[in-house]
Amino acid sequence: MALKDEQHPLHILFFPFLAPGHLIPIADMAALFAARGVRCTILTTPVNATVIRSAVDRANDSFRGNNGGQAIDLAVVPFPDVGLPPGSESGTALSSQDDRDKFFLALVRLREPFDRFLSEHHADAVVVDSFFKWGVDAAAEHGVPRLGFLGTSVFARSCTNSMLCNNPLEASPDDPDAIVTLPGLPHRVELRRSQMMDPKKRPDHWELLKGINAADQRSFGELFNSFHELEPDYVEHYRTTLGRRAWLVGPVALANKDAAARGTSELSPDADGYLRWLDAKPDGSVVYVSFGTLSSFSSAEMRELARGLDLSGKNFVWVINGADANASEWMPEGFAEVISPRGERGLTIQGWAPQMLILNHPAVGGFVTHCGWNSTLEAVTAGVPMVTWPRYADQFYNEKLITEVIKVGVGVGSMDFASKLENRRVVIGGEVVAGAIGTVMSAGEEGEAIRKKATKLGVKARGALEKGGSSYDDVGRLMDELMARRSSVNVRQ
Ligand code: UDP
């Protein structure tokens, strides 16, 4: 007997941007929707599929025997031949402007397999990463509602919207230290000119942001890996003042929080050892240091960071990116002893770290972060206070949210908006890094207040996805809307 229309599960197609910081939350988000009975397909290329395959397998295993759950499919399509070396399929693999241009060409060409999928399969909605500029038109041509996802905070999107509508840099003096205010936001948000994306210097980037903002406004709505209690004023601002349809469905990492291999196919065999190392440390005594997947540090910065960790007197776990791994270029005198097994003060990880497991370990009492949104939200969820060290993209906005709005961290005074392909004017000194770590982790009024807020916010974060929580309800509301839309389309046909 054929199933009635309302008995068919919803089917959502996810098409994430090709970088771990987008793939990981999409795989987690698919797990959340699948657990609620939505059929989910994630379309991506071979190398990117390896980043999320273990998370998808794990989610599918957990649904076996759970009647309400649906399986997640990974649909793998070839990466377009644009002249990049084999295996260079990710934002993390780009080391020159030429690579970057080729990569963006590949993003355009990926429309073809996306179109083909929608011609051959029914989908009730597509979640297409906002970096695929063609996503909104392609979805419209197939008559499928498109949900935008950029993987950042509502706060950062509100700041970007204010920038795009007002361009306050135009009226500000051409001085890197000039203070620029973003108009029309619930709080007074001020940055230095040097911390902002300057449209005059980066016209391509500005056009990209404009295109993303316009496409998201033309979409059925936007999904956020965030939760209402974290940024309520900005949710209100986004929905009511800006009139945008947004669903907050995070923290999505909770879907996969216990998975050691989340975000990688090649977890170091030493991963268990990292956790045992942490087991031997007192609660709250370790600072975790990681800057995500797309940032790199100059030798001078690495040296000062190493000095800062040493001077802080705290135990530390420091994840060092491949590009920064040449220790002979930056290691300060005496530091080898600090990180030797005998020193017992510090552990360095070269390769992929099980970040969620580390952040949720009781020994960890602080996180030095670049303020990538996934890392930020993972720290919030774990109740861990942050030392903020933004580099570019949305990270300076996220720093403002952390240090001035939700007040769960302090900054090191990062001044220069610059990607890994660009240079910075200022090298942050080791004393400053040590001071910031001390503030969030040691005794003292400021640190106490920060730690208390971080703990409270962690509880709220975990509650958001429990039955009846704000994000749990947003997932349900979106499913109801998609189901209602399906019924009304079928009635019209
Ligand atoms: N991550 C991880 N282990 C690592 C490096 C990164 O698990 O060694 C994960 C981290 O938990 C987060 C994501 O990779 O989920 C990085 O995303 P984020 O937005 O923080 O930074 P990006 O890499 O996009 O700058």
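Guide: Around the ligand there are 17 residues, where a residue counts as near if its C-beta atom, placed from the backbone, lies within 6 Å of the molecule. The closest are Gly 21, Gly 292, Thr 293, Gly 372 and Ser 375. This is a predicted model, in which local features need pLDDT of at least 70 and side-chain atom pairs pLDDT 80 or more, while totals for chains, interfaces and linings use all residues. Residues are numbered from 1 along each chain as its sequence is written.

Visitor: Which element gives the most to the shell around the ligand?

Guide: α13 does, with 4 residues. Helices here are DSSP runs of H or I with at least four residues, strands are runs of E with at least two, and numbering starts at the N terminus.

Visitor: Why is the ligand said to lie between domain 1 and domain 2?

Guide: Domain 1 (11-92 + 99-255 + 465-491) and domain 2 (270-462) both contribute residues to the shell, so the ligand lies between them. The bounds come from an automatic or database domain assignment.

Visitor: What makes β3 and β9 edge strands?

Guide: Two strands pair if DSSP finds at least two bridges between them. The open sheet has 7 strands in the order β3-β2-β1-β4-β5-β8-β9, with parallel pairing. β3 (72-76) and β9 (246-248) each pair on one side only, which means they are its edge strands.

Visitor: How many bridges join β2 and β3?

Guide: β2 (residues 39-44) pairs with β3 in the parallel sense over 5 bridges, and Cys 40 has Ile 72 in β3 as its bridge partner.
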